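Open the model in your viewer and keep the selection panel at hand.

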Amino acid sequence: MFDISAKHKVNNYSTRDYVYEVLKDNIISLKLEPGRSISEKEISEMINVSRTPVREAFVKLAQEDLLEVYPQRGTYISLIDLKHVEEARFIREHLERAAVKEACHKLSNENLLKLKNNLSLQILCVEEKNYTRLYELDEEFHLTITTGSGRPLIWNVIQLMNAHLNRFRMLSLAANYNWELILSQHQTIITAIEERNPELAEKAMEEHLTKTLFEQDDLKKEYSQYFK
């Protein structure tokens, strides 16, 4: 059973967008696991909405390659495609390497403090083994850097292509892969920004965002049913 009580409130969205956001959150978090069948009827009854907004949400999710629709057979959560993972990772790495270099010159003291507080919360999450909240904090960490660099649209571009990569990241966290390494890399990024050292910041971000390359074989072996 997935979590329809998610962070989204129906009053803040159209019904279609509410259904879309709830489903996408549950797909990214792997509560709706790759390969699982899903139906308009099931979702409309579970969320207590008509089938029309569910159908519209399904179309949008299929366009983002999060759903696979097979006529006469049904609709399924798409399997994680490592080609998509790597392409998204490559684009994200290069955009964020550029952003963090600019952050070394432009990030405000307020945003620097925000990064430090974020890292403190990450440490608590690791201690409590709360990987879902760790994922959310990791997103906030990178968002603070990209927006604080004066390039807020970078984050929007990254989000457009991140679906398969984000599921891979969530799976990596759930499998408890290198949580301490994540914290160490985030600390190095903060230090580089605080010291206004763009070369160190770029190198640290590169190392951080190439981490998934070294996890792919192990994760695919351990969770083979989730991958294409």
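Which helices do the buried residues of α7 pack against? This is a predicted model, and in it the buried residues of α7 pack against α4 (82-106) and α6 (131-148). Select all three helices to see the arrangement.

Next, pick out Ile-154, Trp-155 and Ile-158, which are the buried residues to look at in α7. They lie on the same side of α7, because the arc they cover around the axis is only 95°. Then turn to the face of α7 that points away from this buried side: Leu-153 and Leu-160 are exposed there.

Stay on α7, residues 153-160, and select Val-157. Val-157 has 35% relative accessibility and so counts as partly exposed.

Now go inside. The largest nonpolar core has 41 residues, and Ile-145, Ile-189, Ile-193 and Phe-227 have the most contacts within it. At least two residues of this core come from each of α4, α5 (109-128), α6, α8 (163-174), α9 (179-194) and α10 (198-209). Helix α9 gives the largest share, seven residues.

Centre the view on Ile-193. Beyond its neighbours within four places in sequence, Ile-193 is in contact with Val-100, Ala-103, Cys-104, Leu-107, Leu-112, Leu-115 and Ile-145.

For the last stop, select Tyr-18, Val-19, Leu-32 and Leu-67, which are among the 19 residues of a second, separate core.

Methods. Residues are numbered from 1 along each chain as its sequence is written. This is a predicted model: local features need pLDDT of at least 70, side-chain atom pairs count only at pLDDT 80 or more; totals for chains, interfaces and linings use all residues. Side-chain values use heavy atoms; hydrogens and water are left out. Helices (H or I, at least four residues) and strands (E, at least two) are DSSP runs, numbered from the N terminus. Buried means under 20% relative accessible area, exposed over 50%, partly exposed in between (1.4 Å probe, protein chains only). The arc is that of the directions from the helix axis to the C-beta atoms. Contact means heavy atoms within 4.5 Å. A nonpolar core is a set of buried Ala, Val, Leu, Ile, Met, Phe, Trp, Tyr and Cys residues joined through side-chain atoms within 4.5 Å.
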